[in-house]
Amino acid sequence: MSLVLDHQLREQMEHDTMTFPISYFDDELPMLPNRVVPLHWHPEFEFVTAVCNALSFQIGMEHIALQAGESIFINSNMLHGIQQKSGDTCDPMPNIVFSASLISPESSLVYQKYILPILRCDELPYVIFRCTDDWQNEVNCLLSNVYERAKRQNTCYEMSVQRDLNRIFELLFLNFSKLPRRPMTRLQLTMQIRIQQMQTYISSHFAEQISLNDIAASASISRSEANRCFNSYFGISPIEALLRHRLCAAQKLLLETTLPLREISRLCGFNSESYFSRCFRRMYDCSPGSFRSMRK
């Protein structure tokens, strides 16, 4: 299963939230330019493990290195991105994204007493599980089991996955007071809200001819402040971010439809098919037609 982002950079889950709300991934990096998972967010929890190579995470505005064998927990609605920094081959990078309700129903005592304190802790955007600490290494081993069962989906895999995730959250809660806190400043919180407001606007209007003024106005800020927000988080301008959104949308249409390139370029907000093709080649190092052929 490969990662799919919507145009707010919110990850789109394929799981059925009314049945077994968890998605397992292990093959994103080969599909993505420069082995980079772009900044995105989702309301679900996420665990990621570095298997063979070092991975670099951006969570909010912080950059974290994860060594081979280590895992990371990413809390709900945190902007985060991933890049493989070492190794000649793509790391499989197994990860799971799941609703907190998988541990226990939201109305239950278990959820209220043990899950909500973690979910609502603004000072706990992530937790790293090293191999040198006994309880953290137990989490790494449990995650390895979860990945294997979620991948194979043998009989009763749902029960074993849920059992191991319950144990992981038991360990998190038992060690909750010792977990390093990373408080966000008022400026960082404000900037993240503005980023999400502008991304939401881009999501709704990316197929239209929109300007930097339009994007900035969606967050009630100036053009210069919009540029500062995007450069702080993404290292690019809002207009470049808009272009990447359009290319992400085009990539999805190339994979999932047989629409002609002319129609795809129009639906994704490009003025011409030739301009779309030039931008796509610059981003993905191949033409749109070649990309579609290679993924069939």
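**Exercise 1.** In this predicted model, find how R244 and E240 meet, and say where they lie.

*Solution.* Step 1: look at the two side chains. R244 and E240 form a salt bridge, with 3.4 Å from N to O. That passes the cut-off, which asks for a Lys or Arg side-chain nitrogen within 4 Å of a carboxyl oxygen of Asp or Glu.
Step 1: check accessibility. R244 is partly exposed at 36% relative accessibility, and E240 is also partly exposed, at 23%.

**Exercise 2.** Work out the strand order of the open sheet, and find which strands sit at its edges.

*Solution.* Step 1: trace the pairing. The 4 strands follow the order β2-β7-β4-β5, and the pairing is antiparallel.
Step 1: find the edges. β2 (36-40) and β5 (62-66) each pair on one side only, which makes them the edge strands.
Step 2: Ignoring direction, neighbouring strands are turned by 20 degrees against each other on average.
Step 3: zoom in on one pair. Strand β4 (residues 55-59) and β5 run antiparallel and are joined by 5 bridges. I59 has E62 in β5 as its bridge partner.

**Exercise 3.** Stay with E62: which parts of the chain does its salt bridge with R182 tie together?

*Solution.* Step 1: find the contact. The closest N and O atoms of E62 and R182 are 3.9 Å apart, and the pair forms a salt bridge.
Step 1: locate both ends. E62 lies in strand β5, whereas R182 is in the loop between α3 (157-174) and α4 (186-205), so the pair links parts 120 residues apart in sequence.
Step 2: compare with the surface. E62 is partly exposed at 33% relative accessibility, and R182 is partly exposed with 23%.

**Exercise 4.** How many salt bridges are there by this rule, and which residues are linked with R167 in a network?

*Solution.* Step 1: the count comes to 14 salt bridges.
Step 1: R167 is linked with E138 and E170 in a salt-bridge network.

Terms used
Residues are numbered from 1 along each chain as its sequence is written. This is a predicted model: local features need pLDDT of at least 70, side-chain atom pairs count only at pLDDT 80 or more; totals for chains, interfaces and linings use all residues. Side-chain values use heavy atoms; hydrogens and water are left out. Two strands pair if DSSP finds at least two bridges between them. Helices (H or I, at least four residues) and strands (E, at least two) are DSSP runs, numbered from the N terminus. Axes are lines fitted to C-alpha atoms, for helices over the stretch in contact, and angles run from 0 to 180 degrees between N-to-C directions. Buried means under 20% relative accessible area, exposed over 50%, partly exposed in between (1.4 Å probe, protein chains only).
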